[in-house]
Amino acid sequence: MHQFKDLKVWQDAIDLAVDIYRLTRTLPSEEKFGLISQMNRSVISISSNIAEGSGRNNPKEFRHFLGIALASACELESQLIVSQKLEFINEEILNIHTKQVAFIQNRLAKLIATLS
């Protein structure tokens, strides 16, 4: 069993979640049940699935949950792009957060590869 709090990718995912929750506070209130909800669910899913997978008793299950975390990161990236195209966020904010997401995606992919 992995200690998820010791995993750098989990720590980075927590930092990203805080950043995205702060970002979604700035989006239009009419997006409360749209992009805001979706982005918050996607970002919290990343660290949550890393934590849940680490509590599983075999590497195959851990890989499965890391895969879900990776998919959630991809979903968040898509939502950030939509937010920029709708002019809810500017390109600079998009770039900052997509770099964070890409870093986490790469870490997750490497961790999944080590468990294969």
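**Exercises on a predicted helical chain**

Of the 116 residues in the protein chain, 40% are buried. The model is predicted.

**Exercise 1.** Determine which secondary-structure elements the protein chain contains and how they follow one another.

*Solution.* The count gives 4 helices and 0 strands. Along the sequence, the pattern therefore reads α-α-α-α.

**Exercise 2.** Describe how helix H2 and helix H3 are arranged relative to each other.

*Solution.* Two packed helices are described by the angle between their axes and the distance between the axes. The axes of H2 (residues 35–54) and H3 (residues 59–85) come within 8 Å and cross at roughly 160 degrees. Angles over 145 degrees count as roughly antiparallel, so H2 is roughly antiparallel to H3. The crossing of H2 past H3 is left-handed. The residues of this contact comprise 14 nonpolar, 9 polar and 2 charged.

**Exercise 3.** Classify the aromatic pair formed by Phe-4 and Trp-10, and state how accessible each residue is.

*Solution.* The count comes to 1 aromatic pair. The ring centres of Phe-4 and Trp-10 lie 5.1 Å apart, with the planes at 75 degrees. Planes over 60 degrees apart count as edge-to-face, so this pair is edge-to-face. Phe-4, at 26% relative accessibility, is partly exposed. Trp-10 has a relative accessible area of 16%; because buried means under 20%, Trp-10 is buried.

Definitions and conventions. Residues numbered from 1 in each chain as written. Predicted model: local features only at pLDDT ≥ 70, side-chain atom pairs only at ≥ 80, totals over all residues. Heavy atoms only, no water. Axes fitted to C-alpha atoms, helices over the stretch in contact; angles between N-to-C directions. Helix = DSSP H or I, 4+ residues; strand = E, 2+ residues; numbered from the N terminus. Parallel < 35°, antiparallel > 145°, perpendicular 65-115°, else oblique. Left-handed = near helix turned anticlockwise from the far one by under 90°. Nonpolar A, V, L, I, M, F, W, Y, C, P; charged D, E, K, R; others polar. Phe/Tyr/Trp six-rings, centres within 6.5 Å; stacked < 30°, edge-to-face > 60°. Buried < 20%, exposed > 50% of the residue type's maximum accessible area, 1.4 Å probe, protein only.
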